[in-house]
Amino acid sequence: MIGNPVSDKGKGARIDAQVLDLLSQAGRRHGFDIIDITGASFDDSLRKAREKHDEYRYLVVVGGDGMIALGANAVGCSGTPLGIVATGSGNDFARGLGLPVNRIETAVEGIVGAIVRGSHIDVDMGRVTSLPGGYAVDASTGNLLSSGRDDNQGDAAGAVADAADGAAGNDGADGAQTVARPPIDRYYGGMLSCGLDASINDRANHSHLPGGSLRYFVAVLIEVTHMKRYGYHIKATLADGTVEERDIVSPMLTVANSRHIGGGLEVSPYSRFADGLLDLIWIDHVPGPIEIADAISKAYNGRLMASKVFGWQRVRSIEITRAAEGEEPPVLMADGEYIGHLPVTVTAQDRALRVLVPPAVAAAHAEDDGTRVLEAISRDGRDPITGEFA
């Protein structure tokens, strides 16, 4: 188990203790042991989860989308199942999967039942890796890393950082901290936010308002009043294998794996968890006040893509670099955590994360043949292949 004791002004520690106790009780009944490998930070917990991977058969994370991202980066592509006790401010990944949200006992019961019955689903992830010049930042703060090595990146990244520091003359001999710029290699389950959506997420992270949905809604209202036009150059491999390359100068660019963000806002209503694809969404033009109000209302009823403010395409992978026009995009964010700076490649990882779910949830996902999404695309007037309005 990995918890998040510093979350919500210490409330996270009480929740972690409750989950640990519930899992321990279940373990005594069903014959398994629990180890708590919670670290001092996101990166410390991730390091411990990776180092101790041979000591556990299941990993349970307690918290919001950021903790799920931690778990996904610890056990993604390994076949080790991830259990989710969703107690964060957003809980968008768990909500999309149909898992309990802010119901601790129910969530633990579901995890234990899934372990006993061997019930799970395999879902896609997005993987973000640096192109030359791109670099990672501290996952919790968005700041440049303050040491010669980022524990989240491994030996190769550390060597790159050390070489960069040496070239800059920062050998650390005087005891001063160096500034590392290791490359990005990060999985995410929800959305990679590259523009306005990242600014909204950052503002919501620093808000003191109660409730994740309220914080996000207020952040949306503030940020959309002074949108910037960021410059992106994209090279995308589409669902049919064709490659498109062009500039997008836009306030927002998102590469989505799941539907929700910000505590239930359906920014990517066509996303599916196991189709081997990601959804590229961008603002097509700077909207006026009426278009903004219309888009916000549609975002809460699953019809955001019916708004002609937004462009949409399905992609297998995409390179995102800087365009000659437009402003410098902000730090990239995914699942509520800071990722790093462009340029990057984003790739769909087909069914790369195994998630513990109750049998009823597994059955619901098995029945999803894509019909619901195709009906929504048709309802909104889009072409399912090109993404353009019919």
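Domain bounds here come from an automatic or database domain assignment. The model is predicted: local features need pLDDT of at least 70, side-chain atom pairs count only at pLDDT 80 or more, and totals for chains, interfaces and linings use all residues. Residues are numbered from 1 along each chain as its sequence is written, and side-chain values use heavy atoms, with hydrogens and water left out.

**Exercise 1.** State which residues form domain 1 and domain 2, and how far apart the C-alpha centres of the domains lie.

*Solution.* Step 1: the assignment places 11-118 in domain 1, and 127-145 + 180-350 + 370-380 in domain 2. Step 2: the C-alpha centres of domain 1 and domain 2 are 26 Å apart.

**Exercise 2.** Determine how much area domain 1 and domain 2 bury between them.

*Solution.* Step 1: buried area is the accessible area (1.4 Å probe) that two parts lose on being put together, summed over both. Step 2: for domain 1 and domain 2 this comes to about 1,400 Å², with 60% of it on carbon and sulfur atoms. Step 3: Phe 42, Asn 73 and Asp 92 supply 33% of the area that domain 1 buries against domain 2, more than any other three residues.

**Exercise 3.** Describe the contacts and the polar pairing across the interface of domain 1 and domain 2.

*Solution.* Step 1: with contact meaning heavy atoms within 4.5 Å, 14 residues of domain 1 touch 20 residues of domain 2.

How values were computed. A polar contact is a pair of N or O atoms within 3.5 Å; within protein, one must be able to donate a hydrogen and the other to accept it, and residues adjacent in sequence count only if both atoms are side-chain atoms.
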